[in-house]
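Subject: Structure handover

Hello,

Here is the structure for you to look at. Please open it first, then read the notes below it.

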Amino acid sequence: MTEDDPDIETDIDELQDRIDAVRAEIGKQIVGQREVIDQLLVCVLADGNALLESNPGLGKTSLVRALAAASDLSFSRVQNTPDLMPSDITGTEIIRESGTGREFVFEEGPIFANVVLADEINRATPKTQAAMLEAMQEKQVTAAGETYALPEPFFVLATQNPIDQEGTYPLPEAQTDRFLLKIVVDYPESEAEREIVRRYTGDVRPDPVERVLTDEQIRAIQSLVRGVPIADDLRDRAIDLVRATREADEIEYGASPRASMGLVRTAKARAFLAGRAHVSWDDVEAMARPVLRHRIRLDFRAEREGVTPDDAVGRLLDERE
């Protein structure tokens with residue numbers, strides 16, 4: 001980002017106004033949860049995938065639907081179940097009649113959309129979960145020896161329920177590492193819950209979400225986010241934080257270099273979201289838990305003592321104050 005060109009400044013201001021408009025449109029459907037909404041927007045601006053985790057009934061699916069509706073992006077939803085097959089997601093070859101006879105034609109699955117909501121992803125079998133790996137990392141699908149590019153921009157926004165373990169398959173580390181953020185959705189505050197009940201049990205239905213952001217604008221913002229400057233010493237502190245997860249006594253497995261890249265990318269996106277032209281340590285600190293909580297594994301002693309991944313990351317942050 002630069003302030004030398006007034007046209008660029010105008011474009012940045014307009015794009016930031018569009019992001020504020022997306023917030024407002026999501027607010028028509030989602031009451032409160034400002035931090036969760038901002039983390040989801042950070043994930044989109046940083047061109048990554050997100051895993052949303054919460055107890056049932058806290059609006060994870062509604063949040064993703066509202067985000068897709070507020071942007072000019074194609075949307076598809078996959079309800080994961082144990083009997084779901086990989087081809088049900090990626091697509092399959094079918095035989096189709098043509099003027100010259102029969103031919104094999106690839107029929108695209110629901111993965112071929114800009115925003116893919118993978119609902120209850122931990123209910124799919126490991127084989128089906130693996131079908132999403134290539135799409136999430138390479139943004140392409142390979143079927144019957146052919147490679148098909150996915151639309152751009154492309155995001156997998158998955159949900160999972162942490163308390164209902166019957167009939168679920170925990171995501172392997174290779175897959176969780178491909179989620180840029182793990183966003184934890186907590187219960188709403190009392191005033192927000194009263195507003196939710198009022199809004200959804202009255203005679204007047206909530207206003208529909210309007211499209212206020214185009215795919216071209218999203219790609220432009222993603223390009224601007226990559227150019228947000230971060231001081232060398234601040235970037236080094238972010239990298240040192242990730243490296244510290246590999247040496248901490250209570251952490252059995254630390255985060256990979258993908259976490260270092262993710263922490264810097266999301267810090268840049270958060271700075272842009274706040275309307276600032278550079279990254280601060282507050283951005284790094286705010287994104288540390290969502291970036292790292294699903295990329296570290298605590299040792300048995302820490303788990304026995306009730307330590308959570310967020311606790312472990314918080315202690316590493318405190319050491320760097």
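The largest pocket has a volume of about 790 Å³. A pocket is an open set of points on a 1 Å grid over the protein atoms alone, with protein on both sides within 12 Å along at least five of seven lines. Grid points are joined across faces, edges and corners, and a volume is the space filled by probe spheres set on the points. Lining residues have an atom within 4 Å of a point. For the largest pocket there are 30 of them, and L171, T176, K182, H294 and I296 are the closest to its centre. Helices (H or I, at least four residues) and strands (E, at least two) are DSSP runs, numbered from the N terminus. By class, the pocket lining has 12 nonpolar, 10 polar and eight charged residues. Here Ala, Val, Leu, Ile, Met, Phe, Trp, Tyr, Cys and Pro count as nonpolar, Asp, Glu, Lys and Arg as charged, and the others, Gly among them, as polar.

A note on the source. This is a predicted model: local features need pLDDT of at least 70, side-chain atom pairs count only at pLDDT 80 or more, and totals for chains, interfaces and linings use all residues. Residues are numbered from 1 along each chain as its sequence is written, and side-chain values use heavy atoms, with hydrogens and water left out.

Next, the cavities. Rolling a probe the size of a water molecule over the atoms shows where empty space is left. A cavity is a set of grid points where a 1.4 Å probe fits but cannot get out. How many cavities of 30 Å³ or more are there? The count is two.

The largest cavity holds about 70 Å³ of space. Its lining includes I19, V22, L41, V44, L45 and F155. Both α1 (6-26) and α2 (34-45) supply at least two residues each. The largest share, three residues, comes from α2. By class, this lining has 11 nonpolar, one polar and no charged residues.

The second largest cavity holds about 50 Å³. I30, Q33, V36, L58, G59, K60, L63 and V185 line it. They divide into five nonpolar, two polar and one charged.

Q33 is found in the loop between α1 and α2.

K139 also has a positive phi, near 55°, and is a residue other than glycine. K139 lies in the loop between α6 (133-138) and β6 (140-143).

P153 is found in the loop between β7 (146-149) and β8 (155-160).

Last, a helix pair. Helices α11 (257-273) and α12 (281-292) pack at an angle of about 130°, with their axes 8 Å apart. Axes are lines fitted to C-alpha atoms, for helices over the stretch in contact, and angles run from 0 to 180 degrees between N-to-C directions. The two helices are therefore oblique to each other. Angles under 35 degrees count as roughly parallel, over 145 as roughly antiparallel, 65 to 115 as roughly perpendicular and the rest as oblique.

Best wishes
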